[in-house]
Amino acid sequence: MQNHRLGVEEAEHNLSSQQQPTAAERKSEARLALRGEIDEVTDELDAELMRFLIDTRRSMKISQRELSKMSGVNQSNLSKIENGLITPSLGTLQKVAACLGHKVVISFVPN
């Protein structure tokens with residue numbers, strides 16, 4: 001009978017430890033959730049950037065080739081940026097923005 005009781009206690013312990021994540025598991029889950037939030041924000045910024053670059057360039061009647069010559073950014077990379085295939089570096093953004101009559105401003109504001 002005592003062996004049976006130990007088996008029940010062990011099963012209960014295993015069950016309770018399966019239900020409650022460890023600190024490391026909670027930390028990992030939090031990282032994944034944060035990564036998901038960051039990815040969402042990045043996707044939104046990339047889409048906004050793409051729209052801005054295309055709309056501004058077209059309104060100024062500048063081709064990608066012309067913007068490439070003006071900014072020193074490879075035309076192929078401009079196309080990839082506008083199509084959301086790559087995310088430009090801050091330096092690239094600054095070059096392109098300057099040629100389009102804008103400047104890049106980054107700010108941190110509370111949620």
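Colleague: Is arginine 57 buried or exposed in this structure?

Modeller: In this predicted model, arginine 57 has a relative accessible area of 7% and is therefore buried, the cut-off for that class being under 20%.

Colleague: Which residue does the side chain of arginine 57 meet in a salt bridge?

Modeller: The general idea is that side chains of opposite charge can pair when their charged atoms come close. Here the partner of arginine 57 is glutamate 82, with 2.7 Å from N to O. Glutamate 82 belongs to helix H4 (residues 75-82) and arginine 57 to helix H2, so the pair ties together parts that are 25 residues apart in sequence. Glutamate 82 also counts as buried, at 6% relative accessibility.

Colleague: How many salt bridges does a search of the whole structure find?

Modeller: The search finds 1 salt bridge.

Colleague: Let us turn to the pockets. Which residues lie nearest the centre of the largest pocket?

Modeller: Leu45, Leu49, Leu93, Val104 and Val105 lie nearest the centre, within a lining of 18 residues. The space in this pocket is about 600 Å³. By class, the lining comprises 11 nonpolar, 4 polar and 3 charged residues.

Colleague: Which helix gives the most to that lining?

Modeller: Helix H2 does, with 7 residues. Helix H2 spans 23-59, and helix H5 (90-99) likewise supplies at least two residues.

Colleague: What lines the second largest pocket?

Modeller: Its lining includes Val41, Thr42, Val105 and Phe108. The lining divides into 5 nonpolar and 3 polar residues, with no charged ones. About 270 Å³ of space lies in this second largest pocket.

How values were computed
Residues numbered from 1 in each chain as written. Predicted model: local features only at pLDDT ≥ 70, side-chain atom pairs only at ≥ 80, totals over all residues. Heavy atoms only, no water. 1 Å grid on protein atoms, 1.4 Å probe; cavity = no way out; pocket = protein on both sides within 12 Å on 5 of 7 lines; lining within 4 Å. Points joined across faces, edges and corners; volume = space filled by probe spheres on them. Helix = DSSP H or I, 4+ residues; strand = E, 2+ residues; numbered from the N terminus. Nonpolar A, V, L, I, M, F, W, Y, C, P; charged D, E, K, R; others polar. Salt bridge = Lys/Arg side-chain N within 4 Å of Asp/Glu carboxyl O. Buried < 20%, exposed > 50% of the residue type's maximum accessible area, 1.4 Å probe, protein only.
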